[in-house]
Amino acid sequence: MRRHIFVSAFTNIVSPNNRTKSIISRIGGEKIVLTTDFNHGKKGYYESGEADDKSQILLHVPPYKKNLSIQRIWSHLVFAWKVREYLNALSEEPDAVYCSMPTSSSAYVCAKYCKRHGVKYVIDVIDLWPDSLLPLVKGKSIIKAILYPWTYLTRYAYRHADVIIGESVKYALEAKKYNLKAEVFPIYLGIDMNIVNKVKTENPVTLEKPDNEIWIAYAGSLGLSYDFQTLINAVKSIHGKYKYKLWFIGDGVKRNEIASYIKNNGLNAEITGFMSYEQLLGCLYYCDIAVNIFRDNTKVVYSYKFNDYVAMNCFVLNSLEGETAEMVDEYRIGRNFDFANRPLSVVLEDILAHWNMNKTWRGNNQRLINERLDKEKIYSVVKEIFES
């Protein structure tokens with residue numbers, strides 16, 4: 001029987017929508033999952049009994065409150081060290097090791113182990129750390145020098161992979177730059193239509209929506225990677241002109257700041273706080289427009305929240321370049337905007353001025369899912385990758 005070890009600091013053991021779990025479920029043989037006992041979304045430890053899968057080994061790590069902090073880096077280093085201890089203590093070598101990136105430190109540890117023991121190594125590039133952090137900080141040239149050890153760990157993992165999986169074509173090809181021998185498989189995060197259809201028929205959320213009120217949503221982490229000021233300013237520009245409500249579906253370190261913006265500008269807006277994945281989709285089900293807004297110059301090209309917006313049939317306003325922007329244009333499911341020539345405020349007002357004229361994007365969303373984002377079709381290649 002084939003034996004695989006899966007390493008991911010972010011294998012959310014309670015969420016039905018998780019990248020690593022989606023890959024694991026499509027592979028046969030013995031599977032061991034090394035993850036942490038810390039819930040990254042809630043910023044707290046899992047409760048007793050939540051880890052009911054015996055194949056999951058929850059390694060204890062220090063907690064952290066902010067996504068961008070020394071405490072988080074330390075937590076990931078502790079995780080990497082414990083992964084190293086676990087791998088070195090194995091009496092029987094696995095057929096392959098899979099590691100999601102981030103984190104770079106655990107990917108480095110796995111690369112060293114696989115190289116030393118001749119074990120096949122699969123990396124899954126979910127985000128480009130530390131490159132993705134640069135738009136969030138000032139003094140980029142100095143920061144690049146400081147982050148060089150981190151960059152070294154990342155590129156070492158890239159160079160020693162036998163297979164490179166990426167959550168987008170761009171991410172997969174970025175890793176491929178450092179490893180011309182590895183097989184490369186871009187595999188989008190994908191939309192699980194079983195979960196989506198269940199939410200649509202058994203919605204866990206009940207909301208009262210006034211007639212003719214257009215609901216605008218942002219769903220996900222209220223963290224440092226997103227430009228909430230631009231979003232709120234855009235909604236402020238339509239205040240008094242249209243019936244609307246702005247929803248922030250999620251929680252994070254920017255919550256209090258967002259709440260102050262809302263109060264100071266007298267906007268019709270609400271912050272839900274942390275929600276389960278099904279509840280998040282349930283809220284989006286009521287919304288008309290969803291805003292996929294990241295910080296300017298971000299390295300992100302594709303995200304979970306874009307999937308959720310498409311799945312719940314929202315009209316998508318998108319700031320990401322590359323593959324997401326191409327999908328928005330090709331399938332006509334929304335509009336792209338930027339921070340210079342096509343600002344969100346202008347695009348949003350134009351959309352609302354013609355809101356009742358065209359609703360074709362609803363069918364286009366489903367066509368995009370069927371052709372590009374259906375998880376069952378996307379992940380069909382996973383079994384072959386690991387069996388070969």
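The model is predicted, and local features need pLDDT of at least 70, side-chain atom pairs count only at pLDDT 80 or more, and totals for chains, interfaces and linings use all residues. Residues are numbered from 1 along each chain as its sequence is written, and side-chain values use heavy atoms, with hydrogens and water left out.

Side chains of opposite charge can pair when their charged atoms come close. The structure holds 13 salt bridges, a salt bridge being a side-chain nitrogen of Lys or Arg within 4 Å of a carboxyl oxygen of Asp or Glu. One of these is formed by the side chains of Lys209 and Asp288, with an N to O distance of 2.7 Å. Because Lys209 lies in the loop between α7 (193–201) and β10 (214–219) and Asp288 in the loop between α10 (277–284) and β13 (289–292), the pair ties together parts that are 79 residues apart in sequence; helices (H or I, at least four residues) and strands (E, at least two) are DSSP runs, numbered from the N terminus. Lys209 is partly exposed, at 29% relative accessible area, whereas Asp288 is buried, at 11%, where buried means under 20% relative accessible area, exposed over 50%, and partly exposed in between (1.4 Å probe, protein chains only).

A salt bridge also joins Glu330 and Arg372, whose closest N and O atoms are 3.4 Å apart. This pair links distant parts of the chain, with Glu330 in helix α12 (residues 323–331) and Arg372 in helix α14 (residues 361–373), 42 residues apart. Glu330 is partly exposed at 48% relative accessibility, and Arg372 is likewise partly exposed, with a value of 29%. In a further salt bridge, the side chains of Asp251 and Arg255 meet at 3.1 Å, N to O; Asp251 is partly exposed at 31%, and Arg255 is partly exposed at 30%.

On the surface, Asp162, Glu183, Glu384 and Glu387 gather in a patch of negative charge, such patches being made of residues with over 30% relative accessible area and no salt bridge, with like charges joined within 9 Å. Asp162 is placed in the loop between α5 (148–159) and β8 (163–166) and is partly exposed, at 31% relative accessibility.

Asn318, in strand β14 (residues 315–318), is buried, with a relative accessible area of 0%. The side chains of Asn318 and Asn292 are joined by a polar contact of 2.9 Å (a pair of N or O atoms within 3.5 Å; within protein, one must be able to donate a hydrogen and the other to accept it, and residues adjacent in sequence count only if both atoms are side-chain atoms).

Terms used: Patches are made of residues with over 30% relative accessible area and no salt bridge: like charges are joined within 9 Å, nonpolar side chains (Val, Leu, Ile, Met, Phe, Trp, Tyr) within 5 Å. Accessible areas come from the Shrake-Rupley method with a 1.4 Å probe; for residues, only the protein chains shown count as cover. Lys and Arg count as positive and Asp and Glu as negative; His and the chain ends are not counted. The place of a charge is taken as NZ of Lys, CZ of Arg, CG of Asp or CD of Glu.
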